[in-house]
Amino acid sequence: MNTLIHHKYTPKYKQQMQALKRVIMLLFSFGIIGCSEFVEVDPPKNILISETVFNDPATIESALANIYYGLREQGMLSGSSGLTTGLGIYSDELDYYGFDTDYLQLYNHNVIAGNNRILNWWSEAYSHIYSANDIIKGVENSNALTVGEKNVFKGQALLVRAYMHSLLAALYGDIPYVTTTDYLTNNIISRTPVSEAYDHIIQDLSNAVVSLEGMDSFSSSRVLPNVWVAKVLLARMYLYTEQWDMAATVATESIQMFGLEPDLNKVFLNDSPETIWQFKPGEYPKNTREATQFIIQVIPGQTYALTDDLMAAFEDGDLRKTNWTNSISDSEGTITLHYAYKYKANLNETESLEYSILLRSAELYLIRAEARAHLGEINGAQQDVNSIRNRAGLPNTEANTINDLLSAILQERRIEFFTEHGHRWFDLKRTGLATETLQDQKLNWQPTDILFPVPESEIEVNPNLLPQNNGYQ
């Protein structure tokens with residue numbers, strides 16, 4: 001089935017199935033999948049038909065909870081099958097020791113358009129986008145909600161829509177920018193040029209900021225996205241689109257709300273003041289997927305390990321190496337592998353002490369540093385870089401020219417954000433350094449590898465997604 005909502009039946013039947021699908025989705029959000037444990041929202045006691053679900057704030061909260069649950073459990077943001085692992089092995093962060101065909105294609109850079117992981121990222125993202133569009137439409141048409149309720153619900157849905165499209169654009173280039181639940185439109189939709197897609201993303205995030213201004217600053221555990229989440233994503237998009245003034249301005253505004261956790265061993269705890277948005281790991285007590293994925297218990301038996309190239313990139317004395325990585329040797333002492341140790345599987349008897357972090361304030365400092373460097377604000381850029389370096393026990397940067405600063409910032413981003421949602425790959429791609437960096441490390445590397453293929457099953461259903469990205473059949 002086409003993930004952009006395709007059904008091979010009559011138009012009337014399609015409309016009926018769409019209504020039924022929305023009811024089924026909401027039934028799941030009413031507690032079948034335990035979303036209330038995810039965002040501490042109690043599901044409604046009664047089950048409403050699709051025409052009335054958007055008249056009850058509790059119902060819409062549950063529908064949004066269902067989206068967040070899906071983001072955590074599957075797709076690009078999942079700790080087990082998302083971009084952290086997929087792009088980690090695609091770039092120069094992780095070695096892969098598993099036998100999954102789709103992951104081996106990523107690791108060896110011989111991805112084909114039929115790769116199931118590439119399809120799953122695409123399809124899950126558009127599924128979440130569809131759900132967000134359904135909420136936007138329902139909230140806008142509701143006569144029972146207050147203006148404040150409409151703003152909060154619409155703002156969160158706009159944020160999800162923009163975030164998913166931003167990841168899709170970074171992975172696939174030109175993409176369909178989907179803003180409707182109309183199957184007739186979605187079945188024949190074409191790809192939007194990536195520059196226009198970013199314009200839409202920025203507009204959606206800007207609208208989300210306005211809508212979310214009235215939302216409470218934070219949920220108790222920062223699992224609900226709020227206005228600051230929208231602003232951080234907006235700052236990231238301004239950086240990606242080289243709008244340096246706006247990137248610096250929005251980052252500065254957000255930095256004033258968040259500090260850096262001084263203790264590196266506490267950065268990934270669930271109460272870290274540095275955290276802006278995070279996912280609960282599930283029913284208590286439960287470790288994060290990042291901890292269970294990366295911590296190597298025995299050799300052989302590992303799936304991932306940090307590359308030698310990454311380990312060599314740490315400067316002497318960098319506390320991130322001693323606090324955020326660990327190592328293990330085989331029984332003979334002949335093989336030693338390093339692994340990500342940001343998440344340390346911290347539990348107590350009643351709760352998980354670590355949540356999976358999506359956004360944290362360190363990114364804001366390095367966004368602003370890069371923007372300032374491009375603007376020629378050398379001192380300001382140095383100060384931001386030094387905030388990150390000094391926390392890691394390193395001296396101030398010696399970079400004092402624009403080019404040297406940009407190189408130093410990229411180095412800090414590499415060390416600060418390794419195994420965090422594909423930052424390294426996106427940085428190599430957007431700075432034009434992917435080929436220079438990876439051509440000697442990946443035997444099958446081709447310059448066209450900067451984009452993934454549009455899934456072939458999607459093109460078969462909707463030929464308007466053609467042409468395929470260069471380098472793929």
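## Reading burial, contacts and helix packing

Reader: Is Ser-80 buried, partly exposed or exposed?

Author: Ser-80 is partly exposed, because its relative accessible area is 26%; buried means under 20% relative accessible area, exposed over 50%, and partly exposed in between, with a 1.4 Å probe and protein chains only. This is a predicted model, in which local features need pLDDT of at least 70 and side-chain atom pairs count only at pLDDT 80 or more, while totals for chains, interfaces and linings use all residues. Residues are numbered from 1 along each chain as its sequence is written, and side-chain values use heavy atoms, with hydrogens and water left out.

Reader: Where does Ser-80 sit, and which residues is Ser-80 in contact with, leaving aside its neighbours within four places in sequence?

Author: Helices are DSSP runs of H or I with at least four residues, strands are runs of E with at least two, and both are numbered from the N terminus. Ser-80 lies in the loop between helix H3 (57-73) and helix H4 (83-90). Contact means heavy atoms within 4.5 Å, and, with neighbours within four places in sequence set aside, Ser-80 is in contact with Thr-85, Tyr-103, Arg-289 and Gln-293. Glu-290 is 210 residues from Ser-80 in sequence, yet their C-alpha atoms are 7.1 Å apart in space.

Reader: How should I read a polar contact, and what is the case for Asp-318?

Author: A polar contact is a pair of N or O atoms within 3.5 Å; within protein, one must be able to donate a hydrogen and the other to accept it, and residues adjacent in sequence count only if both atoms are side-chain atoms. The side chain of Asp-318 has a polar atom 2.9 Å from the backbone nitrogen of Arg-320, and the side chains of Ser-80 and Ser-78 are joined by a polar contact of 3.2 Å. Asp-318 counts as buried because its relative accessibility is 3%, and this residue is found in the loop between helix H13 (308-313) and helix H14 (319-324).

Reader: At what angle do the axes of helices H11 and H15 cross?

Author: Axes are lines fitted to C-alpha atoms, for helices over the stretch in contact, and angles run from 0 to 180 degrees between N-to-C directions. The axes of H11 (residues 244-255) and H15 (residues 362-374) cross at roughly 145° and come within 8 Å. Among the residues making this contact are Trp-244 and Ala-248 of H11, together with Tyr-365 and Arg-368 of H15.

Reader: How many helices and strands does the chain have, and what share of the residues is buried?

Author: The chain has 20 helices and six strands, and 58% of its 473 residues count as buried.
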